[in-house]
Amino acid sequence: MASTYSLPPLPYAYDALEPSISKQIMELHHGKHHQTYVTNLNAALKSYAAADVAGQIALQQALKFNGGGHINHSLFWENLAPAGTPEADLAGGAAAPTLAAALAQTWGSVDDFKKAFAAALLGLQGSGWGWLVKDARGGLRIITTKDQDPVVGPEIPVFGVDMWEHAYYLQYLNGKAAYIENIWNVINWKTAERRFVGGREDVFKALKASI
């Protein structure tokens, strides 16, 4: 029997990330867009279980796209926090001391990391995601993924930023740079620290709760 996934609840209210991310965007992004990925993933899994080999092969793209959409968004909601909370305070040092030190060691400073990350996000062509990941050796890298492709292999997503237009357009129009600048106000550095010091199974255990 195929697993059935559900939309994970947000750990904050729809308006909690304002003014960086508006309530309207959050309602649509979580309640409509993410829900659609979950609905389509469940439908594809049901069809996959009933299909022959040829049919299963034909369903691979639907599973990858909608499954990736569910994974990416579930991680995204968890790596955001309301501005002004301890979780969103990197400068205070308590939220992510190990990660902050690693960022400074890798890029020279946290600010230099933010500049490099912003450049990677702005360099995305079309829809996709930008990720800070921990590689197999424990080092940090910035990568981008196309459409809803998730982070795979040994790399561990520390945090991601959704660069699909539905993530920002209603509020920022074509102002991608302003969206990126303001997203730093609502990054959950406590979650990023937990992912950085943990293993891949720790990062993805939250997804199991949505089954």
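Strands E1 and E2 form a hairpin with five residues between them, and Gly138 in the turn has a positive phi of about 90°. The model is a predicted one. Strand E1 also pairs with strand E3, and E1, E2 and E3 are among the elements that cover the buried residues of helix H4.

**Strand E1 and its pairing**

- Strand E1 covers residues 128–134, and seven of its seven residues are buried.
- In a regular strand, side chains alternate between the two faces of the sheet.
- Both faces of E1 are covered: one side carries Gly128, Gly130, Leu132 and Lys134, the other Trp129, Trp131 and Val133, and all are buried.
- E1 is joined to E2 (residues 140–146) by seven bridges, and the two strands run antiparallel.
- Within E2, Leu140 is the bridge partner of Lys134.
- E1 is joined to E3 (residues 156–162) by six bridges, again in an antiparallel arrangement.
- In E3, Asp162 stands opposite Trp129.

**Helix H4**

- Helix H4 spans residues 97–107, and its residues Leu99, Ala100, Ala102 and Leu103 are buried.
- These four residues lie on the same side of H4, because they cover an arc of only 165° around the axis.
- An α-helix has 3.6 residues a turn, so residues three or four places apart point the same way.
- The cover over the buried residues of H4 includes helix H5 (110–122) and helix H8 (189–197), along with E1, E2 and E3.

**Packing of H4 against H8**

- The axes of H4 and H8 are 8 Å apart, and the two helices pack at an angle of about 80°.
- H4 is therefore roughly perpendicular to H8, as angles of 65 to 115 degrees count as such.
- On the H4 side, the residues that meet H8 are Pro97, Thr98, Leu99, Ala102 and Leu103.
- Their counterparts in H8 are Trp189, Ala192, Glu193, Phe196 and Val197.
- Leu99, Ala102 and Leu103 are also among the buried residues of H4.

**Helix H3**

- Helix H3 runs over residues 60–78, which is 19 residues.
- At 1.5 Å a residue H3 should span 27 Å, and its end C-alpha atoms are 27 Å apart, so the two values agree.
- The buried residues of H3 include Leu63, Leu75, Phe76 and Trp77.
- Gly67, Gly68 and Gly69 are buried in H3, as are His70 and His73.
- Asn66, Asn72 and Ser74 in H3 are buried too.

Terms used: Residues numbered from 1 in each chain as written. Predicted model: local features only at pLDDT ≥ 70, side-chain atom pairs only at ≥ 80, totals over all residues. Heavy atoms only, no water. Buried < 20%, exposed > 50% of the residue type's maximum accessible area, 1.4 Å probe, protein only. Pairing = 2+ DSSP bridges. Arc of directions from axis to C-beta. Contact = heavy atoms within 4.5 Å. Expected span 1.5 Å × (residues − 1). Axes fitted to C-alpha atoms, helices over the stretch in contact; angles between N-to-C directions. Parallel < 35°, antiparallel > 145°, perpendicular 65-115°, else oblique.
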